Amino acid sequence: MTPNQPEKKEYSRVDAYFRQNAEDIPVTFDPANWNALAAALDAAAGNPTKTLVHRPNRLGKGWWVSGIFLLLLGAAWWTRQGAVINAFQPASQGNTKTIRLDSEQLATPERAQPALPVLTNKILLQKTGLKPEKVSATSAEKYDLPAATIAPIDTTIASQNAGLPTNDSLKILPAKKKKHIFW
Amino acid sequence: MTAIPESILEGCRKKERRAQEQLYRHCYAPFLRLCLRYAECPADAADILNKAFFNILTKFDQFREEGNVLGWMKRIVIHAAVDYVRANRRFRYHSPMEVAADLPGASTADATLLENDLLALLRELPFTSSAVFNLFVVEGYSHREVGELLGISEANSKWHLHHARKLLQHKLQQTAAL
């Protein structure tokens, strides 16, 4: 006989005691319990669980076909309006509606950007103190234009000398990220 | 438990309230006893029973004819009781026997009555140990099944059974019930 056998025998007696007495627990019927259950059943029957409402799949074949059709329609309209062609043309033509400059200011070469500040002969001569004959002669030789109306070709250099902002310095730089300081 | 008449079963399949009440009354006593062994108090036992019967009566048409209807119902009641144990096993801090004995007006006779009560003995056990003892000894589940039901390992189930038996044996020897 192993040492655990008496303990197991005792345990089997515990089990037998509970198995026998488990069926002898006194119980009386309480109608309130049934009433509560009947109310729950009525509520469940009156409010059946919601059936899943069929919803068309937004990524279905019909949606793709109609989406492509709408895209093609939009592209056709866009082409008809000439917006695509205009988009590839120089910006100077497109921007003339919004920015108006005087004829004196527009006396610069054709490639000058009207959005940027233009140095006229008058301002340039005032700032640099150069003689008007000398400047206009250099510019007229290169551009084959009347010397009295043309602006100097080297406006950038001249404006740098005068301490004015140049076209390069007026370019929009990406905003610097704010440094968060943790104390 | 006696067999359930076919007329009651047929009425329950048609969801007739009268037949459902008859079934409830027929199975009330044995299933409430089962619930009382797992529950903390009679009110909780009635609650477990009603939850189980709600599932039984609403899913009665899902019962397959070849099986034993009483076994199917009992399984649902046990599962409801196990759900209760799993939800409440962390909240048993005081055993009713200790509380009753510590009351100022509690006499020795009252304490003896409580100790002799089988339910009081079961309620003195830790929740999980009590459930393992009931499932293994009274219901006849294996340790693997008990572990799956209660969400514990098989070895843990064995330990809980040993712990429950040891405590019950000690209590029964004290009361000289054995």
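A helix here is a DSSP run of H or I, at least four residues long, and helices are numbered from the N terminus. The model is predicted. B:Gln20, for instance, sits in helix α2 of chain B, residues 17-38.

Stay with B:Gln20 for a moment. Is B:Gln20 buried or exposed? A residue counts as buried if 20 or more other C-beta atoms lie within 10 Å of its own. B:Gln20 has 22 other C-beta atoms within 10 Å, so B:Gln20 is buried. Leave aside the neighbours within four places in sequence, and B:Gln20 is in contact with B:Cys12 and B:Leu57. B:Ile56 is 36 residues away from B:Gln20 in sequence. In space, the C-alpha atoms of B:Gln20 and B:Ile56 are 9.8 Å apart.

Next comes B:Ile8, in helix α1 of chain B, residues 6-13. B:Ile8 has 20 C-beta neighbours inside 10 Å, so B:Ile8 counts as buried. Which residues does B:Ile8 touch, not counting those up to four places away in sequence? They are B:Ala19, B:Gln22, B:Leu23 and B:His26. Take B:Ala19 from that list. B:Ile8 and B:Ala19 are 11 residues apart in sequence, yet their C-alpha atoms are 5.0 Å apart in space.

Now follow chain B to helix α3, residues 42-58. Two packed helices are described by the angle between their axes and the distance between the axes. For α3(B) and helix α4 of chain B, residues 69-88, the angle is about 130 degrees and the axes are 9 Å apart. α3(B) and α4(B) are therefore oblique to each other. Their crossing is right-handed. On the α3(B) side, the contact is made by B:Asp44, B:Ile48, B:Leu49, B:Lys51, B:Ala52, B:Asn55 and B:Ile56. On the α4(B) side, the partners are B:Met73, B:Ile76, B:Val77, B:Ala80, B:Ala81 and B:Tyr84. By class, this contact has 10 nonpolar, 1 polar and 2 charged residues.

A second pair of helices in chain B gives another angle to look at. Helix α8 of chain B covers residues 127-138, and helix α10 of chain B covers residues 154-175. Their axes come within 8 Å and cross at roughly 95 degrees. α8(B) and α10(B) are therefore roughly perpendicular to each other. From α8(B), the residues in the contact are B:Thr128, B:Ser129, B:Ser130, B:Val132, B:Phe133 and B:Phe136. They meet B:Ser157, B:His160, B:Leu161, B:His163 and B:Ala164 in α10(B). This contact divides into 5 nonpolar, 6 polar and no charged residues.

Turn to chain A. It has 8 helices and 0 strands. Read from the N terminus on, its elements run α-α-α-α-α-α-α-α. Of its 183 residues, 9% count as buried. Among contacts in chain A with a separation of 6 or more, 38% join residues 24 or more positions apart.

How do the two chains meet? On chain B, 26 residues are in contact with 23 residues of chain A. Which helices of chain B each supply at least two residues of the side that touches chain A? They are α2, α3, α7 (118-124), α8 and α10. The largest share of this side, 10 residues, comes from α2(B). The side of chain B that touches chain A has 17 nonpolar, 3 polar and 6 charged residues.

One helix pair shows the meeting of the chains in detail. Helix α2 of chain A, residues 31-46, crosses α3(B) at roughly 40 degrees, and the axes come within 10 Å. α2(A) and α3(B) are therefore oblique to each other. The crossing is right-handed. A:Asn33, A:Ala36, A:Leu37, A:Ala40, A:Leu41 and A:Ala44 stand on the α2(A) side. They meet B:Ala46, B:Asn50, B:Phe53, B:Phe54, B:Leu57 and B:Thr58 in α3(B). The residues of this contact divide into 9 nonpolar, 3 polar and no charged. B:Leu57, seen here in α3(B), is also a contact of B:Gln20.

Last comes confidence. The model scores ipTM 0.77 and pTM 0.55. Chain B averages a pLDDT of 82, and 82% of its residues score at least 70. Over residues 94-116 of chain B the pLDDT is below 50. Beyond near neighbours in sequence, this stretch has 22 contacts in the model. Where pLDDT is low, the predicted coordinates should not be read in detail.

Notes
Residues numbered from 1 in each chain as written. Chains lettered and ligands numbered in written order. Predicted model: local features only at pLDDT ≥ 70, side-chain atom pairs only at ≥ 80, totals over all residues. Axes fitted to C-alpha atoms, helices over the stretch in contact; angles between N-to-C directions. Parallel < 35°, antiparallel > 145°, perpendicular 65-115°, else oblique. Contact = placed C-beta atoms within 7 Å. Nonpolar A, V, L, I, M, F, W, Y, C, P; charged D, E, K, R; others polar. Buried ≥ 20, exposed ≤ 12 C-beta atoms within 10 Å, placed from the backbone. pLDDT = per-residue confidence, 0-100. Left-handed = near helix turned anticlockwise from the far one by under 90°.
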